[in-house]
Amino acid sequence: MTTRRKAVALIGAAALSLATFGCGGGDDSGGGDGKTLRIVQYENPTSAQGQGWQKALEIFKQKHPDVEVKFEQTSFDAARQNAKITLSGNDVPDVVEFNKGNADGGQLAAQGLLEPLTEQVTKYGWDKKVTGGMSAFAKYDEDGYAGSGDWYGIPNIGEYVMFYYNKELFSKAGITTLPTTLDEFEAAMDKLIAAKIIPISSSAATSQGFNQMWVWYSLVSAQANRQQIDDFMFVRQPVDFEAAPWSDGTKKFQEWIDKGYVGDKLGGLSFEQATVNFLSGKAAMLIWNNGEFARIRKDASFDWDYFTLPGANMTMGSSGHLWGVPAKAENKELAYEWIDTTLSPEVQNEIGKLGGLPLAGDASVITDPITKKFTERFNELVQADTLTFYPDYPVPGFLDFIQQHMQAMSNKNETADQYIDTLQKFYDEGKGK
Amino acid sequence: MHALKKHTPMQWVVLGLCGLFAVLMLAPFLLLVLNAFKSGADYSSGGPIAWPKSFTLDAFRDYMSMVDFPRALWNSILISTVVAFAGTGLALISAYAIGIGRVKGSAVILAVLLLATMVPHEALIYPLFYGAQETGTFNTVWSVIIIFTVLQAAFGTYLLSSVMSTVPKELLDAAGIDGAGRWTILWKIILPVLRPTLAVLVVFFFIWTWNEFYIPVVLLADASSQTVPIALSTLRGQHSIDITTLNAGSLLSLLPTLVFFLIFQRTLSHGVTAGSIK
């Protein structure tokens with residue numbers, strides 16, 4: 001009989017817990033009352049942008065003391081995978097952070113899951129703060145292609161790709177002046193190789209080994225002009241990959257692999273390992289964006305600095321992730337207020353001081369010299385409108401495709417010509433217009 | 001005579017190989033522990049394999065400040081425990097019907113159940129998402145509990161019904177002659193016989209549910225209902241990873257399953273061999 005009694009007790013306990021938790025879970029915040037604002041974002045709270053948003057939260061709460069703000073943390077991968085499914089649900093956030101590009105933001109916009117923001121952009125003057133190439137991936141047409149159409153997203157910050165370098169290894173190899181042209185840069189790398197130092201720390205694992213892709217696209221960007229990049233990026237005019245800058249850049253890339261400028265055995269390395277190889281002094285340079293700036297500052301045990309690819313016409317870089325307002329959001333007015341707060345001078349300058357490359361910040365308020373120089377270089381690139389975005393944006397599935405071929409080329413299983421051939425086919429089939 | 005002899009060289013070789021194998025199996029875990037106690041600068045300059053210059057708890061402090069770990073831990077424990085017991089209970093009852101009782105087309109039913117456990121979760125996610133919304137369980141742990149109770153029970157039913165078909169028919173007949181009803185046979189005869197197998201199922205269901213990622217990440221959007229693996233994933237950015245914090249977080253997330261395993265270790269090893277000797 002004890003077994004039965006136990007079973008009854010268990011069922012009773014289960015029913016009880018069901019009842020109590022059922023109440024807790026079932027509450028409905030009955031939105032649309034302008035009393036709550038739910039924000040879902042995925043920035044690391046310790047990053048410059050994350051800390052800027054903490055400031056934005058303070059300001060927002062001061063302005064709207066009667067509003068309950070829910071500031072929720074998710075991950076980039078989760079947000080990217082689930083954006084479509086969560087935004088089509090009943091219980092959607094009021095503001096979401098989302099990834100730019102035709103495959104992500106473009107799809108959300110085209111499926112009507114995001115609210116067009118064009119009216120708010122003029123009302124709040126956001127287009128004065130987010131300008132030129134920085135606004136390209138904020139706008140999507142009715143088919144979800146970036147570069148034109150209504151505004152759907154508002155970026156806060158930008159990013160660009162640079163070469164971090166180890167000053168000690170440079171002087172050890174006898175490099176006294178920084179290269180200013182591509183030829184000088186290659187000569188410097190020859191000196192490093194002669195001194196038995198790997199010039200550039202790179203990686204080409206199909207998952208997370210992005211460095212080689214950035215080397216390749218930096219070399220393409222180096223010889224490109226705005227028209228060529230925009231045709232490719234926004235699928236405007238047919239792209240001939242057999243012609244400049246694509247073929248030249250890709251051939252140069254193969255040359256760099258063959259000469260050992262990027263090291264070898266890259267097929268299994270991720271960007272994290274490439275960063276460690278640079279920070280531990282195994283390689284003289286690291287190609288990466290501002291994502292590791294704060295870490296290199298904190299962790300490097302040697303004297304370092306950085307430059308963008310010498311003698312390049314254009315440089316890899318783009319706007320950051322975007323704020324969007326879901327079409328089903330219930331407190332849209334508060335959502336617009338929130339976006340405007342994150343673009344306010346207080347928040348933007350806070351992000352800038354921490355090295356976060358704000359789009360509407362004032363570089364002159366930055367006191368730290370390294371951060372100031374780093375921000376000013378970014379502002380130069382934005383003003384000259386020479387940022388070329390990331391190469392995987394135009395076509396769905398492009399990232400995996402490029403990564404596979406970067407790995408094959410790095411392992412010397414594929415030549416530049418073979419890569420260009422398949423690239424042409426993949427792009428033409430995938431672009432869909 | 002052989003038993004009295006001292007260890008032969010061959011035995012030492014085997015022992016050495018076993019030790020080597022154990023170190024190899026433990027290596028990933030040791031690496032995790034090693035890097036969880038390193039400082040960021042130490043990791044960056046020495047890489048993952050180097051011995052730490054000094055041990056620090058910074059990574060744990062960072063992890064705790066970034067993630068509401070106690071909350072995630074509670075959610076994970078609640079979900080995994082309820083699923084483990086409810087799933088096993090459900091599997092026991094349905095397997096009784098299929099394995100002992102006479103159900104027409106039981107093979108087909110089992111095939112369908114097995115199929116349910118083999119279908120990738122991605123294929124199920126839309127119906128589950130809309131189902132959770134309609135029932136108001138979206139963003140609460142109950143959506144995940146219900147789904148995994150059913151999914152795990154499907155596998156459990158398949159397993160238990162085949163184990164039950166090995167229970168000697170004479171035993172059941174004898175019980176029937178003694179006047180035992182179906183309910184009594186289940187509780188007083190089948191349950192004691194299957195107890196070790198059931199214990200193994202509970203442990204497996206707990207660990208499997210603990211490690212689930214895809215369905216929880218879709219259904220538990222809100223930070224308040226996140227599980228440990230989801231909380232862990234929030235540490236990864238697009239272009240930056242904080243490795244030491246990630247290691248510290250992984251270590252903390254591992255501990256509960258480790259404790260659970262140690263507690264149930266005996267039932268586990270019992271259960272694995274349970275069917276082998278009659």
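**Stop 1: all of chain A**

Keep in mind that this is a predicted model.

**Stop 2**

Now give the domains separate colours. Domain 1 of chain A takes residues 36-157 + 320-361, and domain 2 takes 159-318 + 388-430. Their centres, taken over C-alpha atoms, are 30 Å apart. Zoom in on where they touch: ten residues of domain 1 of chain A are in contact with eleven residues of domain 2 of chain A. What classes of residue does domain 1 bring to that contact? The side of domain 1 of chain A that touches domain 2 has five nonpolar and five polar residues, with no charged ones.

**Stop 3**

Most residues other than glycine have a negative phi, and most peptide bonds are trans. Here are two places to check against that.

- Select A:Ala244 and A:Pro245: the peptide bond joining them is cis, with omega at about -5°. To place it, look in the loop between helix 10 (226-233) and helix 11 (246-259) of chain A, where A:Pro245 lies.
- Next, select A:Phe389, a residue other than glycine whose phi is positive, near 65°. A:Phe389 belongs to the loop between helix 16 (369-384) and helix 17 (398-410) of chain A.

**Stop 4: all of chain B**

Hide chain A for a moment and select chain B. How many helices and strands does chain B have? There are 13 helices and zero strands. The radius of gyration of chain B is 24 Å, well over the 19 Å that the globule rule gives for 278 residues, so chain B is more spread out than a compact globule. The C-alpha trace of chain B spans about 75 × 75 × 25 Å along its principal axes.

**Stop 5: the annotated stretches of chain B**

An unreviewed UniProt entry puts "domain: ABC transmembrane type-1" at residues 73-264 of chain B. That span of chain B is 79% helix and 0% strand, and its end C-alpha atoms lie 19 Å apart.

The record, again an unreviewed entry, also lists residues 12-37, 72-96, 108-129, 141-164, 185-207 and 244-264 of chain B as "transmembrane region".

- Residues 108-129 of chain B are 91% helix and 0% strand, with 28 Å between the end C-alpha atoms.
- Residues 141-164 of chain B are 100% helix and 0% strand, with 32 Å between the end C-alpha atoms.

**Stop 6: a helix crossing in chain B**

Select helix 3 (residues 58-66) and helix 12 (residues 243-263) of chain B, which pack at an angle of about 80° with their axes 8 Å apart. An angle of 65 to 115 degrees counts as roughly perpendicular, and helix 3 and helix 12 of chain B are therefore roughly perpendicular to each other. For side chains, show B:Ala59, B:Phe60, B:Asp62 and B:Tyr63 from helix 3, which meet residues of helix 12 including B:Thr244, B:Ala248 and B:Leu252. The residues of this contact between helix 3 and helix 12 of chain B divide into five nonpolar, four polar and one charged.

**Stop 7: where the chains meet**

Bring chain A back. Across the interface, 32 residues of chain B are in contact with 30 residues of chain A. Helix 2 (40-46), helix 6 (121-134), helix 10 (214-219) and helix 11 (228-233) of chain B each supply at least two residues of the side that touches chain A. Which helix of chain B gives the most to that side? Select helix 2 of chain B, which gives five residues. By class, the side of chain B that touches chain A has 14 nonpolar, 16 polar and two charged residues.

Terms used. Residues numbered from 1 in each chain as written. Chains lettered and ligands numbered in written order. Predicted model: local features only at pLDDT ≥ 70, side-chain atom pairs only at ≥ 80, totals over all residues. Axes fitted to C-alpha atoms, helices over the stretch in contact; angles between N-to-C directions. Helix = DSSP H or I, 4+ residues; strand = E, 2+ residues; numbered from the N terminus. Parallel < 35°, antiparallel > 145°, perpendicular 65-115°, else oblique. Contact = placed C-beta atoms within 7 Å. Nonpolar A, V, L, I, M, F, W, Y, C, P; charged D, E, K, R; others polar. Domains from an automatic or database assignment. UniProt positions renumbered as here; feature names shortened; annotations may be inferred. Rg over C-alpha atoms; globule rule 2.2 N^0.38 Å.
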